[in-house]
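Please look at the sequence and the structure below before reading on.

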Amino acid sequence: MKVLLFSEGKKMFSKSGVGRALKHQMEALTFAGIEYTTDEKDSFDIAHINTISAGSERVIKKCRKAGIPVIYNTHTTFEDFRNSFMFSNLMAPFIKKRVAKLYKMADFIISPSEYTLGIVRSYGVNCPAEVISNGVDTEHFVKNNELGKKFIKDYSAEKGAIICVGLPFRRKGILDFCDIAEMMPEVKFIWFGANISKIVTPDVRKKISNPPKNVIFPGYVEAETIIGAYSAADAFFFPTYEENEGIVVLEALSMMTPIVVRDIPVYNGWMKHKENCFKGKNNMEFKEYLKNIVDKKIEIDNICIKGRDTAIERDLRVIGEKLKKIYTKAVLKI
């Protein structure tokens, strides 16, 4: 059995969630011993598609003619597309129609969360489906004290550090991140993510170019720096308003970094307040949790341990076996 893992614009999307998801699929299939290709010109038994542009539709039609099963990962939704880059809200209604059309063409869909599957079902997509996490390599994302010390030194974070990882979109909560930072001037707030200032909305561009004194935007950094940041940060603060899962949340869970997230539907059922994370509804609640974590007024050890357990349930080795079962059913048409 050989699988085509198809994703357009691999270079362009490499630093995005879709690009990370593709990389995780490749790793998961390797762990499961499944042969794959990313070249649509190769021979393959199943197409596993991740993007929604013209190339994806071309591959679907090609597979239809050849009788090859098509599996679609529902990474893109109308809700997730809005409030991202310039003109994204104008494009969002078109995206909704586009994804509904393409997802309906699949033999099987995979959603990274129950929340996302519910959204896709609301578009009228009724083909067979399963929820499978994007996953995380829990053997890679492990606390590293040496890299943690280097992070503290490099970013002068001796008095505390709050981190976030992600593209600097308004939807991700970057403006709230900066607002909280202004309330906690003694702590460094560091947002790691590719520099895409040319396409972000004007309010975000203005904030990135003139941030609060204790906020740093290092841009895209090497993996070792991220491991160091997760290892040494007082907390991972992810105030996003909309996600389909959040790979960076899985990374923070695996690293046993205390997590503060916005209380949004995607986390229902698996991210549990005061069990494996802290959930806030507004900036005052975020500030309260973050300050108490930094000041060590909250017991976090058990929460971090349970967070690690949550990540292990979504380890890429587990994901690989789940994908293998779906691929087998698709090939055998059962």
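Helix 11 (247-255) and helix 13 (301-312) each supply at least two residues of the lining of the second largest cavity. The model is a predicted one, and it holds 2 cavities of 30 Å³ or more. Rolling a probe the size of a water molecule over the atoms shows where empty space is left.

**The second largest cavity**

- The volume of the second largest cavity is about 40 Å³.
- Helix 13 gives the most to its lining, with 4 residues.
- The residues that line the second largest cavity are Ala 252, Leu 253, Met 256, Thr 257, Pro 258, Ile 259, Asn 276, Ile 303, Cys 304, Gly 307 and Arg 308.
- Sorted by class, this lining has 7 nonpolar, 3 polar and 1 charged residues.

**The largest cavity**

- The largest cavity contains about 80 Å³ of space.
- Its lining is made up of Ala 21, His 24, Gln 25, Asn 73, His 75, Ile 110, Ile 132, Ser 133, Asn 134, Ile 319 and Leu 323.
- Two or more of these lining residues come from each of helix 2 (17-32) and helix 14 (316-332).
- Helix 2 gives the most to the lining of the largest cavity, with 3 residues.

**Residue classes in the largest cavity**

- How many nonpolar, polar and charged residues does the lining of the largest cavity have?
- The lining of the largest cavity has 5 nonpolar and 6 polar residues, and no charged residues.

Terms used
Residues are numbered from 1 along each chain as its sequence is written. This is a predicted model: local features need pLDDT of at least 70, side-chain atom pairs count only at pLDDT 80 or more; totals for chains, interfaces and linings use all residues. Side-chain values use heavy atoms; hydrogens and water are left out. On a 1 Å grid over the protein atoms alone, a cavity is a set of points where a 1.4 Å probe fits but cannot get out, and a pocket is an open set with protein on both sides within 12 Å along at least five of seven lines; lining residues have an atom within 4 Å of a point. Grid points are joined across faces, edges and corners, and a volume is the space filled by probe spheres set on the points. Ala, Val, Leu, Ile, Met, Phe, Trp, Tyr, Cys and Pro count as nonpolar, Asp, Glu, Lys and Arg as charged, and the others, Gly among them, as polar.
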